[in-house]
Amino acid sequence: MASTLVQIRVDEDLKNEAVSIFERLGLDLPTAFRIFLKKSVEERGIPFSMKMNSEKTSLKKGMKAFDALRREAKKKGLQGMSLDEINAEIRAYRAGK
């Protein structure tokens, strides 16, 4: 089978982020593109999703939830609880279920 050269222009940051993700998946950029093209032909459309959990998104969501809990604790006058007191509250809650 004859090979042909395919060239594309993309934003450098986009390319670098993609390369980083592909490397973590054990792929180089040309291999990732070949996989995408082969599966696209086979499926006759966008074939699949290969993604990893976003650490940024997870951290952002976690911090947002933590801040909400802090505000709620402050409203209820619980912001000064020790870790032992918090764990005791959790155990009591779980025991009541």
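The following legends describe an overall view and several close-up views of a predicted model.

**Figure 1. Overall fold of the predicted protein.** The secondary structure consists of four helices and zero strands, and along the sequence the pattern reads α-α-α-α. The radius of gyration is 24 Å, well over the 13 Å that the globule rule gives for 97 residues, so the protein is more spread out than a compact globule. Along the principal axes, the C-alpha trace spans about 70 × 30 × 20 Å. Buried residues account for 6% of the 97 residues. The protein exposes about 9400 Å², of which carbon and sulfur atoms supply 56%. Its 20 positive and 14 negative charges have mean positions that are 5 Å apart.

**Figure 2. A nonpolar patch on the surface.** Val-6, Ile-8, Val-10, Leu-14 and Phe-33 together make a nonpolar surface patch of about 490 Å². Val-6 belongs to the segment before helix H1, which covers residues 12-24. With a relative accessible area of 61%, Val-6 is exposed, because the cut-off for that class is over 50%.

**Figure 3. A patch of negative charge.** Four acidic residues, Asp-11, Glu-12, Asp-13 and Glu-17, gather on the surface in a patch of negative charge. Among them, Glu-12 is placed in helix H1. The relative accessibility of Glu-12 is 58%, and the residue therefore counts as exposed.

Figure 4. The side chain of Lys-39 meets that of Glu-42 in a salt bridge, with an N to O distance of 3.0 Å. Both residues lie in helix H2 (residues 29-43), where Lys-39 and Glu-42 are three residues apart, about one turn of the helix. Lys-39 also forms a salt bridge with Glu-43, and here the closest N and O atoms are 3.9 Å apart. Glu-43 likewise lies in helix H2, four residues from Lys-39, again about one turn of the helix. Lys-39 is partly exposed, at 27% relative accessibility, and Glu-43 is partly exposed with a relative accessible area of 44%. Glu-42, at 55% relative accessibility, counts as exposed.

**Figure 5. The salt bridge between Glu-72 and Lys-76.** The side chains of Glu-72 and Lys-76 meet in a salt bridge at 3.4 Å, N to O. Glu-72 has a relative accessible area of 33% and is partly exposed, whereas Lys-76 is exposed, with a relative accessible area of 56%. Elsewhere, salt bridges that share partners join Lys-39, Glu-42 and Glu-43 into one network. The count of salt bridges in the model comes to four.

Technical notes: Residues numbered from 1 in each chain as written. Predicted model: local features only at pLDDT ≥ 70, side-chain atom pairs only at ≥ 80, totals over all residues. Heavy atoms only, no water. Patch = residues over 30% accessible without salt bridge, like charges linked within 9 Å, V, L, I, M, F, W, Y side chains within 5 Å. Areas by Shrake-Rupley, 256 points an atom, 1.4 Å probe, with all protein chains shown as cover. Helix = DSSP H or I, 4+ residues; strand = E, 2+ residues; numbered from the N terminus. Buried < 20%, exposed > 50% of the residue type's maximum accessible area, 1.4 Å probe, protein only. Lys, Arg positive; Asp, Glu negative; His and termini not counted. Charge placed at Lys NZ, Arg CZ, Asp CG, Glu CD. Rg over C-alpha atoms; globule rule 2.2 N^0.38 Å.
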